[in-house]
Amino acid sequence: MGQVEAANTPYDDVFRTLLNDCSSLILPVLNEVFGESYTGKEAVVPSQNESFLNQQDGKQEKRVTDSSFEVHGEGIKKYHLECQSSPDSSMLVRFFEYDTQIALGKGVLEEGVLTVAFPHSAVLFLRCVKSTPDRFEIKMVTPGGDLSYPIPVIKTQRYPMEEILRKNLLFLIPFHIFSYEGRFEDYEKDAQKLEQLVQVYEQMKNSLEELLGIGKIDEYTKCTIIDMSKKVLDHIARKYKAVREGVRAVMGGKILDYEAKAIRDEGKNEGYKEGREEGREEGREEGIRGTVSVLKELQLPPQVILAKIQKQYQLSPEVSKKYL
């Protein structure tokens with residue numbers, strides 16, 4: 001079938017950042033797409049997103065999926081989501097390859113029977129047209145009969161901001177700017193039309209503040225959503241200065257490290273600084289504990305805190321748990 005590598009984009013990076021830093025935001029999306037009934041208290045546990053496929057020449061090719069994860073609630077379900085700015089001819093091939101690897105990763109062999117459970121898969125389309133289907137399907141023709149499974153499509157352009165907020169689909173906010181991409185030329189030339197777009201984002205920011213005020217989200221989540229929205233905006237509207245500046249102004253102006261991340265990094269940097277100055281393990285220990293304290297104040301889930309201190313301080317999973 002030829003090469004099926006997909007180029008990484010800033011939108012993929014935003015997608016992964018949201019899943020890593022604000023993983024609970026994906027739960028309402030799963031409710032919307034798969035008809036789940038997650039409450040938001042379930043744990044989202046990331047899976048390995050790299051796999052190695054054997055090629056005909058005997059070599060292995062590394063593939064990286066956008067997101068493979070499990071949701072631990074009353075039971076455990078596996079999911080695989082991909083972010084696509086537009087369809088490409090190799091997309092379904094990649095889905096089948098990734099889904100197969102995910103299924104094999106936890107396959108069970110008993111009495112000559114290999115049982116594999118495929119993940120619930122879906123694709124998030126940032127752009128769509130009338131001919132974009134609401135779902136794709138992968139069909140397997142086997143000696144034992146035909147099998148197939150659906151891949152639902154999430155069309156971000158079809159969700160107005162009011163519906164995003166009403167359904168708590170906050171994960172989609174950074175990509176909402178795609179809904180207006182076709183009108184950038186008009187916004188650039190007409191200040192009154194641009195003001196309509198600005199008002200949409202003013203509504204969004206006010207709603208996030210309200211959710212923060214009633215405890216539905218924390219400061220870290222609010223800041224992450226806004227920062228990721230800016231990153232998408234800067235890329236998609238890079239040729240439209242008025243659009244960029246108008247929307248960025250209502251979201252907070254210059255793109256900086258989001259506030260909560262700066263607080264978190266301050267704790268990390270202080271730990272490293274103390275470790276260097278004191279030359280003792282105590283300095284590093286205090287830095288780790290300080291970072292954990294800040295992350296707890298930001299109300300991050302325990303699994304997210306563990307992942308972050310493991311990466312920042314090169315800790316093993318076993319050692320990191322003693323700091324919670």
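Colleague: How many helices and strands are there in the protein?

Modeller: The protein has 12 helices and 10 strands. Helices (H or I, at least four residues) and strands (E, at least two) are DSSP runs, numbered from the N terminus. This is a predicted model, where local features need pLDDT of at least 70, side-chain atom pairs count only at pLDDT 80 or more, and totals for chains, interfaces and linings use all residues. Residues are numbered from 1 along each chain as its sequence is written, and side-chain values use heavy atoms, with hydrogens and water left out.

Colleague: Which residues of H1 and H7 meet?

Modeller: Contact means heavy atoms within 4.5 Å. Among them, Tyr 11 and Leu 18 are on the H1 side, with Met 228 and Val 232 on the H7 side.

Colleague: What makes E1 and E9 edge strands?

Modeller: The open sheet of six strands runs E1-E4-E5-E8-E10-E9, with mixed pairing. Strand E1 (43–46) and strand E9 (135–142) each pair on one side only. Two strands pair if DSSP finds at least two bridges between them.

Colleague: How do you know that E4 and E5 pair?

Modeller: E4 (residues 67–72) and E5 (residues 76–84) share six bridges in the antiparallel sense, so they meet the requirement of at least two bridges.
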